[in-house]
Amino acid sequence: MTGVRPAAVAGRFYPADPGRLTADIAAYLSAPAPRGPVDIASASGMRALVVPHAGYVFSGPTAGVGYRLLPALAGLVERVVLLGPAHYVPVPGVAVSSADAWETPLGDATVDAAARDAVLARGRDLAPQHGLLVEVDDRAHAPEHCLEVQVPFLQQALPGVPIVPLLVGSRDSPAVADLLRPWWDDPATLLLVSTDLSHYEPQRVAQQLDARTADAVCRVDADDIGDRDACGARPLRAVLRLAAADGTRVRLLDLRTSADTAGDPYRVVGYGAFAVGA
């Protein structure tokens with residue numbers, strides 16, 4: 001792939017019409033949060049944000065609670081490193097997009113090419129130690145929704161800030177944490193983990209499972225989060241390992257399921273929003 005990565009899920013996961021998309025995101029950003037008002041003033045110290053990635057009608061309200069913190073980072077953050085799981089094409093390590101921009105109905109989001117190249121270079125440096133494979137893999141990015149659905153939110157919450165899209169595959173989280181360490185340490189970079197929580201359980205079971213997972217996230221306990229607890233468990237654990245090493249706190253912003261928004265209560269997906277370092 002060269003140039004622009006075409007939008008793959010516009011019109012399915014989120015509106016393809018720019019006006020409708022803008023209005024929907026604005027509504028998610030301003031809707032009352034079920035857990036009470038979000039302390040936006042503390043967001044200037046945020047190192048990472050965790051938000052869900054389902055269709056907007058299902059997870060948009062929870063994502064919006066997280067994204068409403070980001071305008072506080074305007075002028076402070078120079079790039080957002082997007083981290084999510086590969087749902088469609090197996091990824092052995094970390095897949096980097098070669099595109100210079102990602103298309104959405106709101107326009108093209110610029111990719112930070114220098115940061116992308118730096119990720120590839122660090123991956124090469126760490127390969128002898130971790131065996132971590134970091135490579136360009138546009139086949140994995142082409143159909144993937146988990147990062148794409150975050151981009152329109154970023155375009156409204158942090159307009160003009162470039163992105164670095166990374167899909168995290170089957171490698172262990174300590175290796176991924178080591179890969180991400182320079183960007184975690186850089187106050188001009190925000191890490192964004194895209195993950196849903198439990199999948200296809202009845203509402204009551206999902207609420208119990210997700211409450212346990214949310215507790216582990218807020219305790220910054222990566223080892224207490226299993227692969228079945230979150231589809232993006234590996235990038236989530238990597239960021240929690242970085243946070244734990246530095247004594248960084250994690251705050252729960254919102255916790256819901258698809259039954260709370262637009263789905264039936266018998267086979268739900270869980271959604272959580274967490275601020276890391278805010």
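Start by selecting helix H1 (residues 18–30) and helix H5 (residues 150–157): their axes come within 10 Å and cross at roughly 75 degrees. Axes here are lines fitted to C-alpha atoms, for helices over the stretch in contact, with angles running from 0 to 180 degrees between N-to-C directions. That makes H1 and H5 roughly perpendicular to each other, a label for angles of 65 to 115 degrees, where under 35 is roughly parallel, over 145 roughly antiparallel and the rest oblique. Helices (H or I, at least four residues) and strands (E, at least two) are DSSP runs, numbered from the N terminus.

Before going on, some housekeeping. This is a predicted model, in which local features need pLDDT of at least 70 and side-chain atom pairs count only at pLDDT 80 or more, while totals for chains, interfaces and linings use all residues. Residues are numbered from 1 along each chain as its sequence is written, and side-chain values use heavy atoms, with hydrogens and water left out.

**The H1–H5 contact.** Show side chains for Leu21, Thr22, Ile25, Ala26, Tyr28 and Leu29 on H1, and for Pro152, Phe153 and Gln156 on H5; these make the contact, meaning heavy atoms within 4.5 Å. Colour the contact of H1 with H5 by type and you get seven nonpolar residues, two polar and no charged. The scheme counts Ala, Val, Leu, Ile, Met, Phe, Trp, Tyr, Cys and Pro as nonpolar, Asp, Glu, Lys and Arg as charged, and the others, Gly among them, as polar.

**Stay on H5.** Seven of the eight residues of H5 are buried, so H5 is largely enclosed by the rest of the structure. Buried means under 20% relative accessible area, exposed over 50%, and partly exposed in between (1.4 Å probe, protein chains only). To highlight the buried residues of H5, pick Gln150, Val151, Pro152, Phe153, Leu154, Gln155 and Ala157.

**The cavity.** Which residues line the largest cavity? Select Pro52, Ala54, Tyr56, Ser59, Gly60, Ala63, Val149, Gln150 and Phe153. Helix H2 (56–67) and H5 are the elements that give two or more residues to this lining, and H2 gives the most, with four. By type, the lining of the largest cavity holds six nonpolar residues, three polar and no charged. Its volume is about 30 Å³, and a search of the whole structure finds one cavity of 30 Å³ or more. On a 1 Å grid over the protein atoms alone, a cavity is a set of points where a 1.4 Å probe fits but cannot get out, a pocket is an open set with protein on both sides within 12 Å along at least five of seven lines, and lining residues have an atom within 4 Å of a point. Grid points are joined across faces, edges and corners, and a volume is the space filled by probe spheres set on the points.

Next, go to the largest pocket, with a volume of about 280 Å³. Of the 17 residues that line the largest pocket, the closest to its centre are Ala54, Asp196, Tyr200, Val269 and Tyr271. Strand E10 (199–201) and strand E12 (268–276) each supply at least two lining residues, and the largest share, three residues, comes from E12. The lining of the largest pocket divides into eight nonpolar, six polar and three charged residues.

**Two backbones to check.** Most residues other than glycine have a negative phi. Now click Tyr200 in strand E10: its phi is positive, near 65 degrees. Tyr200 is partly exposed, with a relative accessible area of 48%. Then jump to Val220, in the loop between helix H7 (203–218) and helix H8 (233–246), where phi is also positive, about 60 degrees. Is Val220 buried or exposed? Val220 is buried, at 16% relative accessible area.

**Ser258.** Select Ser258 in helix H9 (residues 258–261); at 5% relative accessibility, Ser258 is buried. Leaving aside neighbours within four places in sequence, Ser258 is in contact with Phe58, Gly263, Arg267, Val268, Val269 and Tyr271. Draw a distance from Ser258 to Tyr200, 58 residues apart along the chain, and the C-alpha atoms are separated by 9.8 Å.

**Last stop: Arg116.** Find Arg116 in helix H3 (residues 113–130); Arg116 is buried, with a relative accessible area of 9%. Not counting residues up to four places away in sequence, Arg116 touches Val96, Ser97, Ser98, Ala99, Asp100, Val111 and Val164. The C-alpha atoms of Arg116 and Val164, 48 residues apart along the chain, are separated by 6.1 Å.
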